[in-house]
Amino acid sequence: MDILLTPFMIRALIAAAVTGLSAPAVGTFLVQRRLSLMGDGIGHVCVTGVALGLLTGTSPTFMAVVVAIIGALLIELIRSTGRATGDVALALLFYGGIAGGLLLVSLAGNGVLALQGYLFGSIVTISTSAMVASVGLAAVVLVATFTLLPQLFSVANDEDYARTTGLSARFYNVLISVLAAVTVSVAMRTVGLLLVSALMIIPVATAQQFSRGFKVTMLGAMAAGTLASLTGVTLSAFADVPPGATIVLVALAGFALTFPLGLVVQRRRRAQMPFPVQDGFETHEHDTVDEPHRHEHGPGCGHPAVEHGDHIDYIHGGHRHAAHGGHYDEH
Amino acid sequence: MSRVVEITRAGVTLGGRPIVRDVDVTVDSGEVVALLGANGSGKSTLVKAMVGLYPLSTGRIRLFGEELSRFQEWHRLGYVPQRSAIATGVPSTVAEIVGAGRLSRRKPFVPMRREDRIAIREALEAVDLADRSHHQVSTLSGGQQQRVLMARTLAGRPELLVLDEPNAGVDLESQQAIANTLGTLTAAGATIVVVLHELGPFADLIQRTLMLREGRLVYDGPPIDPAHPDHAGHHHHHRPTTPPLLRPGVRAPFDGGQS
Ligand SMILES: Nc1ncnc2c1ncn2[C@@H]1O[C@H](COP(=O)(O)OP(=O)(O)OP(=O)(O)O)[C@@H](O)[C@H]1O
Ligand SMILES: [Mg+2]
Ligand SMILES: [Zn+2]
Ligand SMILES: [Zn+2]
Ligand SMILES: [Zn+2]
Ligand SMILES: [Zn+2]
């Protein structure tokens, strides 16, 4: 246990926690806009940013943020002018980002090895100042997403409608892109650029199996992301495996383990949807159940109970039985 | 009577093709106007231009006397899009979708207030979905989802409602309920422009119809119901507010006009 209390592990756990919180928060909006791969696109562009930092001798993290924001704005521009669809725009950035990064790194005379810490994460060697920067950037992302949640939700959900309520769709789309870019730069140290997007998307996929609403999905995804990050870092400390990959595998395991449960929850929820009440239903002559009904339906009687107008129907043998006076009606 | 909508020689070009051409329409406050026309005649395009979603290639549009490009009072406008995809990547509840209708009246960074919650609840009651507010929209039927879109617009308490086929897939009983709600709103001074294929339960509300064919306005006058072209115009109980306008070369609104 002592290993968890060493300064470098404490820094790693803090950085992992803020990444696990902020990446899924932004990821929820990306999934909503069906731009799940945007995180990957920005991640690839960040490779160029990091290389630029190495080449010019400035901070690779700072250059990554700058280049990521430019890349995110480019994606948004290409997407909104309708010249190319969102996924083509992303593909262009994927290739440009990686190729540009590799070229710049070789120009700098560093081997590709210099990029490794950024591509695959290097959370255990994170410095105090880098950790503080991560916490600060993640805080900005979280404050922006939560205070502007209704506006961001409306634009991501139905852009045209949002515009007719006076919202600037362009502003909010750009904002989400910028927040995604900042998040990628934060997560770069934790899980690495190649796996950044996994932490933005997988927790959302896990959470939305159980949720009915957008906000609940987002909060659930943040919880799942934080849990995966902390577990992954802890496991890697004991097993001597790369933390970035471990975090992503833990997140995936979380999804896989909850998948059967998610199926059950969804099926149960659908089964409990109230039956619609048709016009004039009450005036129908009641269909009394013929068979002598020895069983008494009630809460916990073992039959699926479904709301139907002002009463409950109990389902058994393909019938819907509702108590009526001293007998049961077929509904 | 103040002018709520003023469309002057408006044209809309989409993908290089003129879709709406040279349309002149004015709608006064309190009027209920139906916009009719065959599939592809440009109804949705005109309506989207009216709410500022498509730029005009010619002419101009004013809402409440203000040029659309400078229009700021979005809380006075309520739009119901045609067949909007309301179930997207992430689950959302009925209340969350309807809540988006309040954003024309909410400032950024300010949390939802009591009046917002009341407006959302009343809008859901108007479309008879109050008991579904915490359900996931994608589990509702198509007609119920259409009613959610209607509720979203009602929640903003607009003065001008622009509705693009709000009845598509909605059962008659709910159409009647929506018509009743809109009737209450017009009695309180609201103005309505509604795209329809048949008047249905809206018939008693409609005071005037417009008809588009191939992007041009070919009829502007007393109500006609495409479902019952024989009894064109319920003149007997609706006083036309504008004299009928028949464009040259157009003999009757239904002279084989399905383009
Ligand atoms: N984005 C677009 N780019 C190019 N053409 C378009 C675009 N949107 C619509 N159109 C064309 O404009 C014409 C009018 O379309 P519109 O949707 O306005 O018709 P509509 O009257 O609303 O029809 P419906 O009754 O089916 O709703 C159609 O021929 C359509 O193909
Ligand atoms: Mg249409
Ligand atoms: Zn039973
Ligand atoms: Zn029943
Ligand atoms: Zn029974
Ligand atoms: Zn009975």
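## Negative surface patch

A:Glu307, B:Asp128, B:Asp131, B:Asp171 and B:Glu173 form a surface patch of negative charge. Patch members have over 30% relative accessible area and no salt bridge, with like charges joined within 9 Å. B:Asp171 sits in the loop between β7 (160-164) and α5 (172-187) of chain B. B:Asp171 counts as partly exposed because its relative accessible area is 41%; buried means under 20%, exposed over 50%, and partly exposed in between (1.4 Å probe, protein chains only).

## Basis of the model

The model is predicted: local features need pLDDT of at least 70, and side-chain atom pairs count only at pLDDT 80 or more. Residues are numbered from 1 along each chain, and side-chain values use heavy atoms.

## Zinc site

The zinc ion (ligand 4) is coordinated by A:His308, A:His311, A:Asp313 and A:His331, at 2.0 to 2.7 Å. Donors are N, O and S atoms within 2.8 Å of the metal (3.2 Å for Na, K and Ca). Their spacing along the chain is H-x2-H-x1-D-x17-H. A:Asp313 is buried, at 0% relative accessibility. A:His311 is partly exposed, at 22%.

## Salt bridges

The whole structure holds 17 salt bridges over all chains. Each pairs a side-chain nitrogen of Lys or Arg with a carboxyl oxygen of Asp or Glu within 4 Å. A:Asp160, A:Arg163 and B:Lys48 are linked in a salt-bridge network.

B:Arg208 bridges to B:Asp220, with the closest N and O atoms 2.9 Å apart. This pair links distant parts of the chain, strands β9 (residues 208-213) and β10 (residues 216-221) of chain B. B:Arg208 is buried at 2%, and B:Asp220 is buried at 7%.

Definitions and conventions:
Chains lettered and ligands numbered in written order. Patch = residues over 30% accessible without salt bridge, like charges linked within 9 Å, V, L, I, M, F, W, Y side chains within 5 Å. Areas by Shrake-Rupley, 256 points an atom, 1.4 Å probe, with all protein chains shown as cover. Lys, Arg positive; Asp, Glu negative; His and termini not counted. Charge placed at Lys NZ, Arg CZ, Asp CG, Glu CD. Helix = DSSP H or I, 4+ residues; strand = E, 2+ residues; numbered from the N terminus.
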